[in-house]
Each structure stands twice: as C-alpha cells, then as structure tokens.
Amino acid sequence: QVQLVESGGGVVQAGGSLRLSCAASGRTFSSYNMGWFRQPPGKEREFVAAITYKTNYSDSVKGRFTISRDNAKNTVYLQMNSLKPEDTAVYYCAARIQSSMATRGELYDYWGQGTQVTVSS
C-alpha cells in the first residue's frame, strides 16, 4: 500500500507561483511513475504532469509548470509559475507502480486526498 499526502495549495493572484509537494510512503518510490492531475470546478479530472526518468506535461501547463522528484525524500513536487485563473482546481498526486510513463488517470494505482489551488484574477 502506498500513501500519498499533498501539501502546498492555497490562494494566489494571477501571475503568481505555488509549489505543491507530495510525500509518498513505500520503499521503492524511485521506481514509481508519479503524476499530478487536477479537477477544475464542475469539470472532469485532467492530466497535468508526470515523471519517471523523464517528464511529460499537458499543453496547457507546458512552459509554466515543472514536475520534479527527490527520491531520497520520497517526494514529488509541482512548481507552478505564471498561474492563471483557469489553473484553479483541486490538484491530486498519483502513483503508478509500473515505471512506464502514463498520462491517463485510470492507469495510476494510488491517489492522494487532493489540495485546493485557487488563482484570483
């Protein structure tokens, strides 16, 4: 069983920055494919970014968001810059035991509880 705990959400003005963190349990964290997803109000969950030994981003965040990981700390991060009101959502961290890159949520095995990010205009 893998437990994921997100932190770092909050309210920020448009153009600002936030860094989300996701702390994971599990002794083989370094082999997990880790992902960030988000669910805007009234919309379906969508892919944001993922990391294995490489990274992948949705077009809507490419160039503004950066996913990274610290395997020594069992933690994955999402640095969000140049935030826009349309980035407002609940952000979820997810872990996939298979190490191959995935962008579809149904391929992930474990999920965090989510953290709210609100960007005001």
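I took helices (H or I, at least four residues) and strands (E, at least two) as DSSP runs, numbered from the N terminus. This is a predicted model, so I kept local features at pLDDT of at least 70 and side-chain atom pairs at pLDDT 80 or more, with totals for chains, interfaces and linings over all residues. Residues are numbered from 1 along each chain as its sequence is written, and side-chain values use heavy atoms, without hydrogens and water.

**Overall fold**

I looked up the elements. The protein chain has eleven strands and zero helices. From the N terminus the order is β-β-β-β-β-β-β-β-β-β-β.

Next came the dimensions. The C-alpha trace spans about 40 × 25 × 25 Å along its principal axes. I took the radius of gyration over C-alpha atoms, with the globule rule of 2.2 Å times the number of residues to the power 0.38. For 121 residues a compact globule would be near 14 Å, and the 13 Å of the protein chain agrees.

I then checked contacts (heavy atoms within 4.5 Å). Of those with a separation of 6 or more, 60% join residues 24 or more positions apart.

**Surface and charge**

I used Shrake-Rupley accessible areas with a 1.4 Å probe; for residues, only the protein chains shown count as cover. The protein chain exposes about 6,200 Å², and carbon and sulfur atoms supply 45% of it. For burial I set under 20% relative accessible area as buried, over 50% as exposed, and partly exposed in between (1.4 Å probe, protein chains only). Buried residues are 46% of the 121.

For charge I counted Lys and Arg as positive and Asp and Glu as negative, leaving out His and the chain ends. I placed each charge at NZ of Lys, CZ of Arg, CG of Asp or CD of Glu. There are 13 positive and 9 negative side chains, and the centres of the two sets lie 5 Å apart.

**Cores**

In soluble globular proteins, nonpolar side chains tend to be buried together. I defined a nonpolar core as a set of buried Ala, Val, Leu, Ile, Met, Phe, Trp, Tyr and Cys residues joined through side-chain atoms within 4.5 Å. The largest core has 28 residues, and M34, W36, L78, M80 and Y91 have the most contacts inside it. Strands giving at least two residues each to this core include β3 (18–24), β4 (33–39), β8 (75–80) and β9 (89–96). Another core, of six residues, lies apart from it; F47, A50, A94 and A102 are among them.

I followed Y91 further. Beyond four places in sequence, Y91 touches residues including E6, W36, R38, F65, L78, M80 and V117.

Y32 sits in the loop between β3 and β4. Y32 is buried, at 5% relative accessible area. Its C-alpha is 6.3 Å from that of A95, 63 residues away along the chain. Contacts of Y32 beyond four places include V2, I51, R69 and A95.

W111 is in strand β10 (residues 110–111). W111 is partly exposed, at 29% relative accessibility. Beyond four places, W111 touches L4, F37 and R45, among others.

**Phi check**

Most residues other than glycine have a negative phi. N74, not a glycine, has a positive phi of about 50°. N74 is in the loop between β7 and β8, and at 18% relative accessibility N74 is buried. S82 also has a positive phi, near 50°. S82 lies in the loop between β8 and β9 and is partly exposed, at 42%.
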